Amino acid sequence: MKAIGYARVSTDGQVTDGVSLDSQQAKIRAWCEVNSCELVGLHVDAGLSGCRSDNRPGLQEALSMACKHKAVLVVYGLSRLARSTKDAILISERLARSGADLVSLSERIDTTTAAGKMVFRMLAVLAEFERDQIAERTKSALGHLRIQGKRISGRIPFGYDLAPDGETLMLNTREQAGLRLIQTLKKKGLGCRRIAAQLTTRRISSKTGAPWSPQAVGSILRRERISRPIAPHVAA
């Protein structure tokens with residue numbers, strides 16, 4: 001039986017998982033030797049995220065070879081192969097259509113069996129569920145910081161200035177008037193393009209001094225709707 005190996009580390013993946021490219025390749029070779037498989041290719045993607053499969057040349061080469069030789073694609077773990085259920089299952093189905101199989105060493109998955117196929121799909125779903133939970137917690141934490149008026153990125157939002165403590169946002173009187181105008185015009189039914197034109201006509205400068213664009217107005221409207229309430233009035 002022929003085997004194709006695939007290994008990957010992202011920018012921070014090696015630190016998080018503690019599994020280097022060399023270590024992954026060594027484990028793949030060891031599995032092939034124990035199972036009397038001929039390793040005909042070993043492909044790697046270094047410093048690439050696993051969020052998508054179509055932008056990883058190493059993975060695409062490994063998949064092509066596995067399908068061509070009807071071989072087993074061997075990976076250290078599912079997280080090295082794909083970061084979404086959709087990609088993981090699409091990869092599995094592509095291999096299956098070509099008569100190829102998948103082996104994941106960490107999860108001990110072997111799709112040459114029906115049980116292995118079932119476990120593969122279940123683990124892929126659970127892995128994505130865990131990532132979604134982390135994303136939800138991060139979003140909630142950032143929302144809490146916004147409500148508290150804390151800085152959450154390197155960019156200071158329109159309508160605010162950075163306080164001397166370097167963390168808290170304080171109201172910018174001139175820009176808050178601009179925020180109220182944006183909100184008022186939106187309630188009157190104006191679109192982002194017309195609001196941007198009104199801001200320019202009234203000589204209300206953007207945060208960076210760049211010309212107002214519909215995209216910039218839309219971004220402000222989305223931000224203010226989900227985070228900080230616009231001050232009803234700020235005395236000059």
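Guide: What follows is a short talk about a predicted model, starting with its cores.

Visitor: Which residues of the largest nonpolar core touch the most other members?
Guide: They are Leu73, Leu81, Ile91, Leu95 and Leu102, in a core of 20 residues. At least two residues each come from strand 1 (2-9), helix 3 (57-69), strand 3 (72-75), helix 4 (78-81) and helix 5 (85-97).

Visitor: Which helix gives the most to this core?
Guide: Helix 3, with five residues. There is also a second, separate core of 16 residues, which includes Leu169, Leu179, Leu190 and Ala196.

Visitor: Back to Leu81. What is Leu81 in contact with, leaving aside its neighbours within four places in sequence?
Guide: Tyr6, Arg56, Leu59, Leu73, Val75, Ile91 and Leu102.

Visitor: Now helix 8. Which of its residues are buried?
Guide: In helix 8 (residues 192-201), Ile195, Ala196 and Leu199 are buried. They lie on the same side of helix 8, because they cover an arc of only 100 degrees around the axis.

Visitor: And what is exposed on the other side of helix 8?
Guide: Arg193, Arg194 and Thr201. Just after helix 8 comes Arg203, with a positive phi of about 60 degrees.

Visitor: Why does Val119 count as partly exposed?
Guide: Because its relative accessibility is 33%, and partly exposed covers values between the buried limit, under 20%, and the exposed one, over 50%.

Key
Residues numbered from 1 in each chain as written. Predicted model: local features only at pLDDT ≥ 70, side-chain atom pairs only at ≥ 80, totals over all residues. Heavy atoms only, no water. Buried < 20%, exposed > 50% of the residue type's maximum accessible area, 1.4 Å probe, protein only. Helix = DSSP H or I, 4+ residues; strand = E, 2+ residues; numbered from the N terminus. Arc of directions from axis to C-beta. Core = buried A, V, L, I, M, F, W, Y, C linked by side-chain atoms within 4.5 Å. Contact = heavy atoms within 4.5 Å.
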